[in-house]
Amino acid sequence: MGQMVDFTMEREGLVKPGDRVSLKEDRASTMSGIMYYYTIRDAIAMSSNLKRPLGKLTGTVRKVDPQVSIYMVTVEIDD
């Protein structure tokens, strides 16, 4: 089983469980060091900051969970 990463999505229906997705990696220099964050292409949803880079930039949507004003998308990253 691959690493699970959560993404914040603002609009409903852009992805669904089972969809294959590609990710874009970005880096930010912070007081804590380099942080990595990811976007589901093309600007569908964004991850929070991660301390380590992901091994692959592809994965499968496992869950879309509606919240108060957003959707949490859980992606299983390919091994």
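This report describes the fold, the surface and some side-chain pairs of one predicted protein model.

In this predicted model, local features need pLDDT of at least 70 and side-chain atom pairs count only at pLDDT 80 or more, while totals for chains, interfaces and linings use all residues. Residues are numbered from 1 along each chain as its sequence is written, and side-chain values use heavy atoms, with hydrogens and water left out.

**Overall build**

The protein has 0 helices and 6 strands. Both kinds of element are DSSP runs numbered from the N terminus, where helices are H or I with at least four residues and strands are E with at least two. Read from the N terminus, the order of elements is β-β-β-β-β-β. The radius of gyration is 12 Å, close to the 12 Å that the globule rule gives for 79 residues, so the protein is as compact as a globular protein of that length. This radius is taken over C-alpha atoms, and the globule rule is 2.2 Å times the number of residues to the power 0.38. Along its principal axes, the C-alpha trace spans about 35 × 30 × 20 Å.

**The barrel**

The strands form a closed barrel of 6 strands in the order β1-β4-β3-β2-β5-β6, with antiparallel pairing. On average, neighbouring strands of this sheet are turned by 40 degrees against each other, direction ignored. For such angles, axes are lines fitted to C-alpha atoms, for helices over the stretch in contact, and angles run from 0 to 180 degrees between N-to-C directions. Two strands pair if DSSP finds at least two bridges between them.

Which strands does β2 join? Strand β2 (residues 20–30) is joined to strand β5 (residues 58–66) by 3 bridges, and the two run antiparallel. One of the residues involved is Ser-22, whose bridge partner in β5 is Thr-58. Strand β2 is also joined to strand β3 (residues 33–40), again antiparallel, by 8 bridges. Here the bridge partner of Asp-26 is Tyr-37 in β3. Strands β2 and β3 form a hairpin with 2 residues between them. In a regular strand the side chains alternate between the two faces of the sheet.

**Surface and contacts**

Of the 79 residues, 34% count as buried. Buried means under 20% relative accessible area, exposed means over 50%, and partly exposed lies in between (1.4 Å probe, protein chains only). The accessible surface of the protein comes to about 5200 Å², and 48% of this belongs to carbon and sulfur atoms. Accessible areas come from the Shrake-Rupley method with a 1.4 Å probe, and for residues only the protein chains shown count as cover.

Contact means heavy atoms within 4.5 Å. Among the contacts with a separation of 6 or more, 51% are between residues 24 or more positions apart.

Thr-39 is in strand β3. Thr-39 is buried, with a relative accessible area of 14%. Not counting residues up to four places away in sequence, Thr-39 touches Phe-7, Ser-22, Leu-23, Lys-24, Asp-26, Ile-44, Ala-45 and Met-46.

Val-75 is in strand β6. The relative accessible area of Val-75 is 0%, so this residue counts as buried. Leaving aside neighbours within four places in sequence, the contacts of Val-75 include Gln-3, Met-4, Val-5, Phe-7, Val-21, Ile-40 and Val-61. The C-alpha atoms of Val-75 and Met-46 are separated by 11 Å, and these residues are 29 residues apart along the chain.

**Salt bridges**

Side chains of opposite charge can pair when their charged atoms come close. A salt bridge is a side-chain nitrogen of Lys or Arg within 4 Å of a carboxyl oxygen of Asp or Glu. By this rule the count comes to 5 salt bridges, and the table includes some of them.

| Salt bridge | N to O distance |
|---|---|
| Asp-19 and Lys-16 | 3.0 Å |
| Asp-78 and Arg-20 | 2.7 Å |
| Arg-27 and Glu-25 | 3.3 Å |

What does the pair of Asp-78 and Arg-20 tie together? Asp-78 lies in the segment after β6 (71–77) and Arg-20 in strand β2, so the pair ties together parts that are 58 residues apart in sequence. Asp-78 is partly exposed at 23% relative accessibility, and Arg-20 is exposed at 52%.

In the other two pairs of the table, Lys-16 is exposed, with a relative accessible area of 52%. Arg-27 is exposed at 59%, while Glu-25 is partly exposed at 25%.
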